[in-house]
Amino acid sequence: MARPKRTRTRKSYRAAFIGTAVLVLGAAVLLALSALEDTVVFFYSPTDVAEKGVPTGEYARIGGLVVDGSVAKDGAVTIFSVTDTQNSIQVAYGGILPDLFREGQGIVAEGEFEPTGRFAASRVLAKHDENYMPPEVADALKASGQWKEATE
Amino acid sequence: MIPEIGHFALVLALAVAAVQTGLGLYGPALGDARLMAMTSRAASLQVILLSVSFAALTYAFVVSDFSVINVYENSHSAKPMLYKITGVWGNHEGTMLLWILILAIFGASVAGFGTNLPDSLKARVLGVQGLIGAVFTLFVVLASNPFIRLSPTPINGTDLNPLLQDPGLAFHPPFLYGGYVGLSVAFSFAAAALIEGRVDAAWARWVRPWALAAWASLTVGIALGSWWAYYELGWGGYWFWDPVENASLMPWLAATALLHSAIVVERRGALKSWTVLLAILAFSLSLLGTFLVRSGVLTSVHAFAVDPERGLFILGILIFFIGGALALYAWRAPTLKLGGLFAPVSRESALVVNNLLLTASTAAVLIGTLYPLVLEGVTGENISVGPPFFNSTFVPIILPLLLLVPFGPMLAWKRADALATAQRLYAAAIAALVVGLIALFVIEGSPILAAAGLAIATWLVAGAFVEIAERVKLWRGPFAQSMNRLKGLPRSAWGTAIAHAGVGVLVFGVVGVTAGAQERVVLMQAGERIEIGPYELTFEGVSLASGPNYEADRGSFTVRRGGETVGMLTPEKRFYPVARMPTTEAAIRTTILDDVYVVLGDPQPGASAGQTQWIVRAYHNPLQPLVWVGCIVMVLGSIISLSDRRLRVGAPARKKPANSTPIVDGASA
């Protein structure tokens with residue numbers, strides 16, 4: 001009778017293993033999903049902001065093309081506008097701009113809206129590659145009907 | 001002519017891979033030894049053909065043959081030779097060619113080193129390996145062919161992205177792919193074992209060196225990429241929880257879990273089907289990583305221009321392999337025999353906990369990485385998930401794991417005494433406590449978390465020393481006897497201890513930077529000073545400098561510490577005329593305990609006429625160098641473990657029953 005008993009222990013051991021695994025993974029997934037609620041950063045195109053108002057007091061991402069001739073310096077702070085060709089947002093950024101930041105380039109900025117509607121960026125992302133267009137910016141341009149297929 | 005030879009060799013390699021697949025999967029079913037033996041030859045032939053192909057592309061880059069579109073788009077005659085060569089894989093098409101070349105090299109190595117593998121298992125492994133090769137070679141031929149010509153031939157090329165003209169990034173892809181693709185071997189072994197319906201200690205012993213080699217390569221690849229981001233992007237950070245970074249971290253976590261669970265299969269015959277599943281998942285995550293990076297579906301700071309058609313193709317490959325392997329697993333895994341039993345407190349259980357926590361952390365990273373994609377697909381909302389998410393999920397999952405690391409190798413197999421093990425670790429615990437308390441009273445700012453972090457790091461490093469000391473029974477007998485034991489210690493034991501100590505060193509670095517990094521952005525004029533950390537930087541001015549294919553503004557900073565001049569820092573703003581692209585070259589002064597890091601920004605008119613002010617960003621990153629040192633130490637540990645006699649000599653003859661595998665000196669790997 002020793003043998004069937006042994007099989008049962010093995011099975012119960014396997015069940016315990018699977019049970020623990022499901023428990024731990026489930027806890028991790030729950031932890032992740034609850035963390036998502038608090039930490040997700042929403043993206044707003046200039047048109048979103050123009051239509052729905054300024055989402056103040058929230059860490060957000062915005063993006064668009066840097067408006068030609070809009071880049072100005074105020075001490076260490078750079079002020080520029082991004083546009084999806086319909087609307088635009090003014091951005092102030094106090095750091096060193098990425099190498100590929102230039103007028104006409106698609107960029108994404110992270111930060112918060114000031115009550116005045118200006119966006120105080122804490123990070124500006126341009127890409128490592130000048131042909132690259134951030135997907136959000138491409139979508140925003142498509143939404144405003146200004147998207148042209150890349151020349152490639 | 002040469003590119004055509006390369007193109008032709010590529011197509012031939014596709015055919016050979018297809019044949020290898022057929023032979024490898026049908027040969028064993030027919031029981032035909034000659035068909036099975038041919039898979040090895042096919043694997044060697046594939047390497048030769050792809051080497052020819054890769055050499056042809058390299059030649060085109062070296063001689064700057066701009067009639068090849070790929071060379072035209074990614075090279076320039078004025079580029080330094082090193083970057084002409086590394087430019088071969090500095091672009092999508094070339095990088096995929098390198099990917100399949102490394103895949104073929106791994107396949108041929110299995111054929112070459114696996115002389116003691118049973119014929120049918122070896123043929124099946126090579127068959128699956130051939131299938132992966134065939135599918136990816138097809139992808140290269142159809143959707144990213146590097147040999148396509150351009151007519152008329154342009155006079156010069158458009159240059160490689162200057163950010164990639166850097167030694168750190170030049171060698172990042174080969175190592176990263178060595179890891180990604182190396183995991184394909186574990187995957188092939190898993191699939192072959194499922195087809196055979198047998199997983200035993202010998203199987204685990206064959207898989208482990210491949211998984212270990214892939215893991216080491218992946219670690220080097222990730223570390224090089226992170227190092228590059230640190231000094232080249234000029235953001236002062238080394239890890240941004242960016243989707244492209246996560247794409248490489250996920251297979252790394254899964255591979256780490258696989259390394260550990262394979263030990264249990266090898267030594268105790270338990271966790272078989274779990275290990276097989278992990279091998280499948282690790283390579284699946286590598287494929288997912290390739291897809292995320294190559295398709296550009298996620299917004300990444302490291303993203304490059306991409307072509308959606310290729311993304312779809314890779315997605316198809318991804319679904320084919322992951323779906324196929326999981327279906328095979330669901331069908332065949334229940335036939336695997338259940339393994340040995342073990343008590344809740346035992347080495348096996350410790351490794352199970354290791355696996356669960358690593359898998360859970362992988363799941364957290366996966367959710368954070370893919371959630372934006374899912375949400376966009378479902379609701380159309382554009383979101384991003386940044387560092388706060390990963391800090392609040394990954395960190396709490398990985399912390400208990402770090403606490404448990406020193407216990408693992410000290411626990412006995414099958415059944416262990418928790419209290420006795422804890423007592424043996426008292427020295428490490430005291431060391432951790434002392435370091436934690438010192439940190440608490442010395443460091444200003446957010447001391448409690450930093451002190452706890454430093455204590456954990458000490459716990460890991462000291463734990464590794466205690467493990468070695470326990471193995472040689474230090475202080476419990478004559479010293480000479482312990483020294484003798486030290487000489488006789490298997491390399492796998494050294495490997496474990498060193499790799500675990502490396503984790504500790506890495507934790508030191510991460511905690512130091514996270515808790516103590518300082519950043520200052522200021523407008524400076526020549527002659528002005530700023531203080532950052534314990535350093536004082538004096539801005540001496542900016543001069544013009546020129547390199548082989550760029551021109552630069554070079555700033556000079558005198559670095560003083562405690563009033564004494566300790567060095568100069570010369571950050572640059574370079575401009576590459578051919579690519580019409582500027583880059584920032586940070587200047588970093590490294591001691592083993594900290595980095596002082598300076599970036600030169602844009603000039604602007606100064607307070608009075610004729611003066612120029614520059615934006616300067618300075619960082620002080622305490623313990624930053626230990627991040628890289630920790631990675632190097634971990635890799636060192638894995639290399640030492642890899643050189644262990646047990647793995648070199650290979651597994652014992654197959655006839656022995658799995659559970660009677662001789663246990664060498666109670667060592668783990």
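In this predicted model, helix α16 (residues 426-442) of chain B and helix α17 (residues 447-471) of chain B have axes that come within 7 Å and cross at roughly 155 degrees. Because angles over 145 degrees count as roughly antiparallel, α16(B) is roughly antiparallel to α17(B). Two further helix pairs of chain B, α13(B) with α14(B) and α1(B) with α2(B), are described below.

**Helices α16(B) and α17(B)**

- The crossing in which α16(B) passes α17(B) is right-handed.
- On the α16(B) side, the residues in contact are B:Ala427, B:Ala428, B:Ala429, B:Ala431, B:Ala432, B:Leu433, B:Val435, B:Gly436, B:Ala439 and B:Leu440.
- On the α17(B) side, they meet residues including B:Pro447, B:Leu454, B:Thr458, B:Trp459, B:Gly463 and B:Val466.
- Sorted by class, the contact of α16(B) with α17(B) comprises 18 nonpolar, three polar and no charged residues.

**Helix α13(B) on its own**

- Helix α13 (residues 347-379) of chain B contains 33 residues.
- From its first C-alpha to its last, α13(B) reaches 46 Å, which is close to the 48 Å expected at 1.5 Å a residue.

**Helices α13(B) and α14(B)**

- The axes of α13(B) and helix α14 (residues 387-404) of chain B come within 10 Å, crossing at roughly 170 degrees.
- That angle makes α13(B) roughly antiparallel to α14(B).
- From α13(B), the contact is made by B:Ala350, B:Val353, B:Asn354, B:Leu357, B:Leu358, B:Ala360, B:Ser361, B:Ala364, B:Val365 and B:Gly368.
- From α14(B), the contributing residues include the phenylalanines B:Phe389, B:Phe390 and B:Phe394, together with B:Thr393, B:Ile397 and B:Pro400.
- The residues of the contact between α13(B) and α14(B) divide into 15 nonpolar, four polar and no charged.

**Helices α1(B) and α2(B)**

- Helix α1 (residues 2-30) of chain B and helix α2 (residues 33-62) of chain B have axes that come within 8 Å and cross at roughly 160 degrees.
- α1(B) and α2(B) are therefore roughly antiparallel to each other.
- α1(B) passes α2(B) in a left-handed crossing.
- By class, the contact of α1(B) with α2(B) holds 26 nonpolar, seven polar and no charged residues.

Technical notes:
Residues numbered from 1 in each chain as written. Chains lettered and ligands numbered in written order. Predicted model: local features only at pLDDT ≥ 70, side-chain atom pairs only at ≥ 80, totals over all residues. Axes fitted to C-alpha atoms, helices over the stretch in contact; angles between N-to-C directions. Helix = DSSP H or I, 4+ residues; strand = E, 2+ residues; numbered from the N terminus. Parallel < 35°, antiparallel > 145°, perpendicular 65-115°, else oblique. Left-handed = near helix turned anticlockwise from the far one by under 90°. Contact = placed C-beta atoms within 7 Å. Nonpolar A, V, L, I, M, F, W, Y, C, P; charged D, E, K, R; others polar. Expected span 1.5 Å × (residues − 1).
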